[in-house]
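Here is a short report for a reader new to this structure. Start with one contact, then widen the view.

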Amino acid sequence: MSNSNQNNSKGVSVVSEAVCQEIMGRPEAFTAVENVFAAMAKNTAYNFPVIREAIGHADALYGFKSGFDRDGMVLGLKSGGYWPGNIQLDLTNHQSTVILFDPDTGKLKSLVGGNYLTAVRTAASSAVSIAHLARKDAKVLGMVGAGHQSTFQLRAAVEQRNFEKVVAWNFHPEQLPNLAAVAEELGLPFESVTREELGAQADVIITITSAFEALIDADWIKPGTHIACMGTDTKGKQEVDAKLLSTATVFTDELAQSVSIGEAQHAIAAGLIQEADIVPIGEVINGTKPGRTCDKQITLFDGTGVGLQDLAVASVAAELAEAKGQATYFNL
């Protein structure tokens with residue numbers, strides 16, 4: 001009997017948050033996200049329309065992201081959202097669960113904790129962009145934002161280039177010691193700087209905020225910089241000057257989200273760029289479109305976050321948990 005049949009005979013697998021944290025590392029997340037971006041560019045993986053609504057209770061946003069990856073044979077959805085009051089309850093504000101189905105039969109296959117995996121897959125997305133778009137000799141990493149997600153971003157980024165220093169800015173500077181501690185753990189000097197100084201120094205910049213205004217001016221970015229904009233995932237949000245997208249070569253995870261809810265929404269609305277100017281990063285991974293073409297080129301990755309990323313990492317987590325005997329099972 002195959003492993004798949006054996007697992008089906010056990011019932012629906014459940015992979016807890018604790019197990020996900022134990023078995024799902026950055027290399028596994030990087031590969032899963034890179035593979036699904038490649039599949040999206042080949043049109044063998046599809047994100048379905050996103051549902052995202054304010055529920056009218058607890059100031060919460062709730063929604064579904066779903067899709068199907070034919071290459072990886074992964075079908076499912078991530079259900080959850082944002083509860084701003086959770087921090088007072090000692091809970092993570094973002095709450096989610098990934099639900100996987102058997103593509104051959106439609107039967108419920110796995111329930112996987114989605115909170116840790118969301119952080120890991122978001123960091124993997126920017127890491128994939130750095131791997132494929134940043135200059136090989138990039139030495140200084142700039143971090144804009146110092147919230148919960150920023151430490152995941154930092155750890156994933158430093159594995160892609162031989163960085164020698166981390167510079168950072170945050171609207172609330174009292175949060176920067178969290179990033180500084182991770183940098184120290186990684187053996188990297190850390191410096192708190194102004195946004196303009198960050199632009200002058202950094203070869204790679206990751207923005208990971210919930211801003212609704214441009215935090216980085218286009219004039220502050222030096223030639224050869226790679227910027228990964230990871231915070232803009234809703235209409236109205238913005239992290240960088242829209243003019244920057246007209247001077248940079250722009251890449252994204254998914255075109256439809258980039259122009260509607262991603263960082264590109266503002267440049268598109270202002271007529272500074274067109275949708276045809278934006279390259280899906282999967283095209284670069286597949287070798288069908290060029291990435292960086294010279295050392296002076298500014299590249300920008302608009303990481304909007306797609307459901308297929310969640311499904312990809314959750315599927316790997318479920319397979320690892322089942323193989324290691326760390327999943328539990330029930331029959332519905």
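## Aspartate 310 and its partners

In this predicted model, the side chain of aspartate 310 makes a polar contact with the side chain of lysine 78, at 3.2 Å. A second polar contact, of 2.9 Å, links the side chains of aspartate 310 and arginine 121. A polar contact is a pair of N or O atoms within 3.5 Å; within protein, one must be able to donate a hydrogen and the other to accept it, and residues adjacent in sequence count only if both atoms are side-chain atoms.

Aspartate 310 sits in helix H12, residues 307-323. It counts as buried because its relative accessibility is 1%. Buried means under 20% relative accessible area, exposed over 50% and partly exposed in between, with a 1.4 Å probe and protein chains only. Neighbours within four places in sequence aside, aspartate 310 is in contact (heavy atoms within 4.5 Å) with Lys65, Lys78, Val98, Thr118 and Arg121.

## How the model is read

Residues are numbered from 1 along each chain as its sequence is written. Local features need pLDDT of at least 70, side-chain atom pairs count only at pLDDT 80 or more, and totals for chains, interfaces and linings use all residues, while side-chain values use heavy atoms, with hydrogens and water left out.

## An enclosed helix

Helix H5 covers residues 148-157. Seven of its ten residues are buried, so the rest of the structure largely encloses it. Those buried residues are Gln149, Ser150, Thr151, Gln153, Leu154, Ala156 and Ala157. They pack against several elements, among them H3, helix H4 (115-133) and strand S8 (140-144).

## A link across the sequence

Alanine 41 belongs to helix H3, residues 26-41. Proline 280 lies 239 residues away along the chain, yet the two C-alpha atoms are separated by 6.7 Å. Alanine 41 also touches Gly282, Glu283 and Asn286, not counting residues up to four places away in sequence.

## The whole chain

The chain has twelve helices and 18 strands. These are DSSP runs numbered from the N terminus: helices are H or I with at least four residues, strands E with at least two. Of the 332 residues, 53% are buried. Among contacts with a separation of 6 or more, 70% join residues 24 or more positions apart.

The C-alpha atoms fill a box of roughly 60 × 45 × 45 Å, taken along the principal axes.
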